[in-house]
Amino acid sequence: MIYITRKASFNAAHKLARTDWDDDKNNEVYGKCANPNWHGHNYWLYVTVKGEINQETGFLVDLKWLKDVMNTYVVDKVDHKNLNLDVDFMKGKLASTENLAVAVWDQLLAPIAESGAVLHCVKIYETENNFVEYFG
Ligand SMILES: Nc1nc2c(c(=O)[nH]1)N=C([C@H](O)[C@H](O)COP(=O)(O)OP(=O)(O)OP(=O)(O)O)CN2
């Protein structure tokens, strides 16, 4: 079993606020991240897949292919977007890094499985200090 990871970056706006709470409650729970006028992050996304090395190619998967899958199903949908308003796969979800990691996993699971590889981990850095890892 071998693991291979591709990294991508995107920047996006969001706020952490529940629509069923008023501003005071959202401020109490989420602090500055609940700013009604949004704030942004430069996110880093790491996608790790696992499987066996193809003895003919020497690859687990072609990293160019993995880059294209990440771009098509995630990066092109979130880059320079508002996670709360613009992103179909985040509709109705609080735009925390945890929820984003799970949603990204759901986006990537099927296309990666089609290659014969297995999605192992989605890791997202929201800031240089804060990151989430999801293993399904
Ligand atoms: N469990 C979670 N907690 C928080 C999340 C999250 O997604 N999940 N998100 C936020 C804010 O959106 C943001 O990440 C916090 O930004 P900031 O405080 O500026 O980030 P840093 O910790 O890197 O900055 P410091 O200067 O070190 O405080 C908050 N919580």
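A residue counts as buried under 20% relative accessible area, as exposed over 50%, and as partly exposed in between, with a 1.4 Å probe and protein chains only. By that rule His 14 is buried, because its relative accessible area is 0%. The model is predicted, so local features need pLDDT of at least 70 and side-chain atom pairs count only at pLDDT 80 or more, while totals for chains, interfaces and linings use all residues. Residues are numbered from 1 along each chain as its sequence is written, and side-chain values use heavy atoms, with hydrogens and water left out.

The chain has three helices and five strands. Helices (H or I, at least four residues) and strands (E, at least two) are DSSP runs, numbered from the N terminus. In sequence order the pattern is β-α-β-α-β-α-β-β. The C-alpha trace spans about 60 × 25 × 20 Å along its principal axes. There are 136 residues in the chain, and 35% of them count as buried. A contact means heavy atoms within 4.5 Å. Of the contacts in the chain with a separation of 6 or more, 67% are between residues 24 or more positions apart.

The strands form an open sheet of five, in the order S3-S1-S2-S4-S5, with mixed pairing. Strand S3 (81–82) and S5 are at the edges with a single partner strand each, so one side of each has no neighbour in the sheet. Two strands pair if DSSP finds at least two bridges between them. S2 and S4 are paired in the antiparallel sense over seven bridges. Across from Lys 123 in S4 stands Tyr 46.

Next comes the nonpolar interior. A nonpolar core is a set of buried Ala, Val, Leu, Ile, Met, Phe, Trp, Tyr and Cys residues joined through side-chain atoms within 4.5 Å. The largest such core has 32 residues, and those with the most contacts inside it are Leu 45, Phe 89, Leu 100, Val 104, Leu 108, Ile 112 and Val 122. Two or more residues come from each of strand S1 (2–14), strand S2 (39–51), helix H2 (63–78), helix H3 (97–114) and strand S4 (118–125). H3 gives the largest share of this core, seven residues. Apart from residues up to four places away in sequence, Phe 89 touches Tyr 73, Val 74, Lys 77, Val 78, Leu 100, Ala 103, Val 104 and Gln 107.

A polar group is found around His 14 and Glu 126. His 14 lies in strand S1, whereas Glu 126 lies in the loop between S4 and strand S5 (131–134). A polar contact is a pair of N or O atoms within 3.5 Å; within protein, one must be able to donate a hydrogen and the other to accept it, and residues adjacent in sequence count only if both atoms are side-chain atoms. The side chain of His 14 makes such a contact with the side chain of Glu 126 at 3.5 Å, and another with the side chain of His 41 at 3.2 Å. Not counting residues up to four places away in sequence, His 14 touches several residues, including Trp 38, His 39, Asn 82, Leu 83 and Ala 95. With neighbours within four places in sequence set aside, Glu 126 is in contact with His 14, His 41, Asn 42, Tyr 43 and Thr 97.

Glu 126 is buried yet has no salt bridge; Lys 32, the nearest side chain of opposite charge, is 9.7 Å away. Lys and Arg count here as positive and Asp and Glu as negative, while His and the chain ends are not counted. A salt bridge is a side-chain nitrogen of Lys or Arg within 4 Å of a carboxyl oxygen of Asp or Glu.

By this rule there are three salt bridges. In one of them, Asp 20 meets Arg 18, with the closest N and O atoms 2.9 Å apart. Asp 20 is exposed, because its relative accessible area is 51%, and Arg 18 counts as partly exposed at 36%. Lys 64 forms a salt bridge with Asp 68, the closest N and O atoms being 3.0 Å apart. Both residues lie in helix H2, four residues apart, about one turn of the helix. Asp 88 and Lys 77 meet through their side chains in a salt bridge of 3.2 Å, N to O. This pair links distant parts of the chain: Asp 88 is in the loop between S3 and H3, and Lys 77 is in helix H2, eleven residues apart. Asp 88 counts as partly exposed at 48% relative accessibility, as does Lys 77, with a relative accessible area of 27%.
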